[in-house]
Amino acid sequence: MKPVAVVDLNNALGEQCRDQLDAEFGEGQSTFIQCDVTDGDALQDAFQRTVDKFGRLDIVINNAGINNEKNWEKTIQVNLTSVIKGTYLALEHMSKEYGKEGGTIINVSSMAAFLHSPHQPVYTATKHGVIGFTRAMADASLQGSYGVRINALCPAFVDTPLLHTVEYEDNMGKFVKFKDDFKRTMSKFGVLQPSLIAEGMMRLITDSSLNGAVMKITCSKGIHFHTYEPMSA
């Protein structure tokens with residue numbers, strides 16, 4: 001196992017995750033850094049602390065995400081801006097343009113980018129943004145010989161606390177009135193277990209042929225990839 005740094009705002013869950021990793025893989029193989037990803041200085045510090053502790057950086061997964069249509073600017077900051085910052089910071093520590101040895105970045109989007117939800121317009125916009133940014137940066141990496149593969153992962157509904165936020169007006173604002181419609185959609189498409197998302201992550205990490213890929217994970221089709229029509233004039 002490569003050493004792992006877990007970065008999260010939730011201190012209790014972060015420490016619990018670190019302890020679980022230490023129990024399975026040996027003490028000292030993981031570290032937890034509490035961080036608000038919308039704080040650029042704190043995020044930069046988290047990257048530096050990881051490199052200082054483990055010596056290098058090989059893999060970065062930008063996974064932070066919230067669902068808040070009421071405070072929609074916060075949703076943009078967490079779901080899109082922090083992914084952009086995290087990608088640029090990852091490149092500083094991995095890209096051959098900075099004399100580093102290359103690596104892999106995975107940016108987590110969502111099937112909301114394909115099956116847009118009228119109950120989550122801003123969430124949907126951020127997940128579109130993650131895909132567009134990731135594909136553009138993957139091309140930049142290839143053309144600039146960064147030595148860094150950059151891919152996007154788009155799960156459908158996953159069994160995490162994020163799903164329950166649709167219940168609350170503090171999260172959904174005026175869209176909370178559609179919560180029953182949202183639940184019916186979840187029932188229709190099903191809810192994925194996090195273990196399948198981890199399987200997709202590992203494929204993106206280990207398959208060196210993938211760059212600019214958009215992996216989709218759904219209950220009906222499992223792990224598969226989105227294909228785009230070639231551009232034409």
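Q: Is Thr104 buried or exposed?
A: Thr104 counts as buried, at 7% relative accessibility. Buried here means under 20% relative accessible area, exposed over 50%, and partly exposed in between, with a 1.4 Å probe and protein chains only.

Q: Before we go on, what kind of model is this?
A: This is a predicted model, where local features need pLDDT of at least 70 and side-chain atom pairs count only at pLDDT 80 or more, while totals for chains, interfaces and linings use all residues. Residues are numbered from 1 along each chain as its sequence is written, and side-chain values use heavy atoms, with hydrogens and water left out.

Q: Thanks! Where does Thr104 sit?
A: Thr104 has its place in strand E4. Strands (E, at least two residues) and helices (H or I, at least four) are DSSP runs, numbered from the N terminus.

Q: And which side chain does the Thr104 side chain make a polar contact with?
A: That of Arg149, at 3.3 Å. A polar contact is a pair of N or O atoms within 3.5 Å; within protein, one must be able to donate a hydrogen and the other to accept it, and residues adjacent in sequence count only if both atoms are side-chain atoms.

Q: Which other residues is Thr104 in contact with?
A: Leaving aside neighbours within four places in sequence, the list for Thr104 includes Asp58, Ile59, Val60, Met94 and Val148. Contact means heavy atoms within 4.5 Å.

Q: Let's zoom out to the sheet. What is the strand order?
A: The open sheet of 5 strands runs E3-E4-E5-E6-E7, with mixed pairing. Two strands pair if DSSP finds at least two bridges between them.

Q: Which strands stand at the edges?
A: E3 and E7 (222–225) do, each with a single partner strand, so one side of each has no neighbour in the sheet. As for twist, the average is 20° from one strand to the next.

Q: How do E3 and E4 pair, parallel or antiparallel?
A: E3 and E4 pair in the parallel sense, over 4 bridges. Asn62 has Asn107 in E4 as its bridge partner.

Q: Which helix packs on the sheet there?
A: Helix H4 (residues 121–143) packs on the sheet and touches E4, E5 (148–155) and E6 (214–218), and its direction makes about 160° with that of E5. Axes are lines fitted to C-alpha atoms, for helices over the stretch in contact, and angles run from 0 to 180 degrees between N-to-C directions.

Q: New topic: which residues touch the most other members in the largest nonpolar core?
A: Of its 21 residues, those are Phe47, Val60, Met94, Ile105 and Val148. H3 gives the largest share of this core, 5 residues. A nonpolar core is a set of buried Ala, Val, Leu, Ile, Met, Phe, Trp, Tyr and Cys residues joined through side-chain atoms within 4.5 Å.

Q: Last one, salt bridges. How many does the structure hold?
A: The structure holds 9 salt bridges, each being a side-chain nitrogen of Lys or Arg within 4 Å of a carboxyl oxygen of Asp or Glu. One of them joins Glu101 and Arg56 at 3.2 Å, N to O.

Q: Why does the Glu101 and Arg56 pair tie together parts that are 45 residues apart?
A: Because Glu101 lies in the loop between H3 (72–94) and E4 (103–108), while Arg56 lies in the loop between H2 and E3. Glu101 counts as exposed at 61% relative accessibility, and Arg56 as partly exposed at 39%. Salt bridges that share partners join Lys2, Arg56, Asp58 and Glu101 into one network.
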